[in-house]
Amino acid sequence: MADNIEDDEKEIGKGHILEEFKEINEIKGLIDNLKDIFKDQVAVETTVERFTFIVDKYQEQPHLIDGHLESLMTQLLEIIRNPSSPNPLIHLTFKCLYFITKMRGAKVIVRLFPHEVADVEPVIALLTAQDPKDYENWETRYELLLWMSMVSMIPFDMVRLDSNVTSEDGKRRKPAMDRILDLAKLYLTVNDKSRETQSEIIDFVFSVIPNSE
């Protein structure tokens, strides 16, 4: 890996104009290995360092990753949506997704999140389970809030999601749109990067609530 970094640094130092995202196989390999290394702090740090180094090379030409974004999102979300994935692995996966988002831009990445009706409740549940005071894993909340902003725009009457829905204690659960609004308000008070996504979500929720009552 040290040789790879040295070669990359020489290439960047020459002012080389990149023509393709040539490390795509390495990036996919790093993602594929997350489930094997997430318990090893040294391996995690090495993986994160290499991942960020590769992605940072393309800050000036982020469009070069476009042809690979869909497959990368599929690979990352497969880990995130797997019920057997432990929280440390999910957080590490979201961290890698954030590095890609930082390079390519949130407006591009947000469109790649799944946004079917079936995605609404799982996204709300994932975000509700997060600890706003867990500052080490703010990337998870940031990406989940982006995802929630996307599912909030589904052209679907969310009231239909709330019919005959009860919580675990048997009581009637709050409507999905109300829970989305509660989460957006909560993260307005959190002083990390996830706060950047909140005003857009709240504006949207307020715009559709009158139509869903």
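Helices here are DSSP runs of H or I with at least four residues, strands are E runs of at least two, and both are numbered from the N terminus. Helix α8 covers residues 120–128 and helix α9 residues 138–151; their axes come within 10 Å and cross at roughly 150°. That makes α8 roughly antiparallel to α9. For the wording, angles under 35 degrees count as roughly parallel, over 145 as roughly antiparallel, 65 to 115 as roughly perpendicular and the rest as oblique. The axes are lines fitted to C-alpha atoms, for helices over the stretch in contact, and the angles run from 0 to 180 degrees between N-to-C directions.

Before going on, a word on where this comes from. This is a predicted model, where local features need pLDDT of at least 70 and side-chain atom pairs count only at pLDDT 80 or more, while totals for chains, interfaces and linings use all residues. Residues are numbered from 1 along each chain as its sequence is written, and side-chain values use heavy atoms, leaving out hydrogens and water.

So which residues of α8 and α9 meet? On the α8 side we have Val-120, Val-123, Leu-126 and Leu-127, and on the α9 side Arg-141, Leu-144, Leu-145, Trp-147, Met-148 and Val-151. Contact means heavy atoms within 4.5 Å. Sorted by class, this contact has 9 nonpolar, no polar and 1 charged residues. The nonpolar class is Ala, Val, Leu, Ile, Met, Phe, Trp, Tyr, Cys and Pro; the charged one is Asp, Glu, Lys and Arg; the others, Gly among them, are polar.

Now follow α9 to another partner, helix α10, residues 176–188. These two pack at about 140°, with their axes 12 Å apart. α9 and α10 are therefore oblique to each other, and their crossing is left-handed. Arg-141, Leu-145 and Met-148 of α9 make the contact with Ile-180, Leu-183, Ala-184 and Tyr-187 of α10. By class, that is 6 nonpolar, no polar and 1 charged residues.

Let me step back to the whole chain. It has 11 helices and 0 strands. How much of the chain is buried? Of its 213 residues, 48% count as buried, where buried means under 20% relative accessible area, exposed over 50%, and partly exposed in between, with a 1.4 Å probe and protein chains only. Among contacts with a separation of 6 or more, 72% come from residues 24 or more positions apart.

Next, please find α2 and α4. Their axes are 11 Å apart and the packing angle is about 150°. That makes α2 roughly antiparallel to α4. Here too the crossing is left-handed. From α2 come Glu-26, Ile-27, Leu-30 and Ile-31, and from α4 come Thr-47, Arg-50, Phe-51, Ile-54 and Val-55. The classes are 6 nonpolar, 1 polar and 2 charged residues.

Have a closer look at Thr-47, in helix α4, residues 41–56. Is Thr-47 buried or exposed? At 9% relative accessibility, Thr-47 counts as buried. Leaving aside neighbours within four places in sequence, Thr-47 touches Leu-30, Leu-34 and Ile-37.

On to helix α5, residues 66–80. At 1.5 Å a residue, its 15 residues should span 21 Å, and the end C-alpha atoms are 21 Å apart, which agrees; the expected span is 1.5 Å times one less than the number of residues. Buried residues in α5 are Leu-69, Leu-72, Met-73, Gln-75, Leu-76, Leu-77, Ile-79 and Ile-80. What covers them includes α2, α3, α6, α7, α8 and α9.

Ile-90 counts as buried at 10% relative accessibility. Ile-90 and Ile-79 are 11 residues apart in sequence and 7.0 Å apart in space, C-alpha to C-alpha. Leaving aside neighbours within four places in sequence, Ile-90 is in contact with Ile-80, Ser-85 and Thr-140.

Last stop, Glu-19, in the loop between α1 and α2. With 73% relative accessibility, Glu-19 counts as exposed. The C-alpha atoms of Glu-19 and Leu-64 are separated by 7.3 Å, though the two residues are 45 apart along the chain.

Note on methods. A crossing is left-handed if the near helix is turned anticlockwise from the far one by less than a right angle, and right-handed if clockwise.
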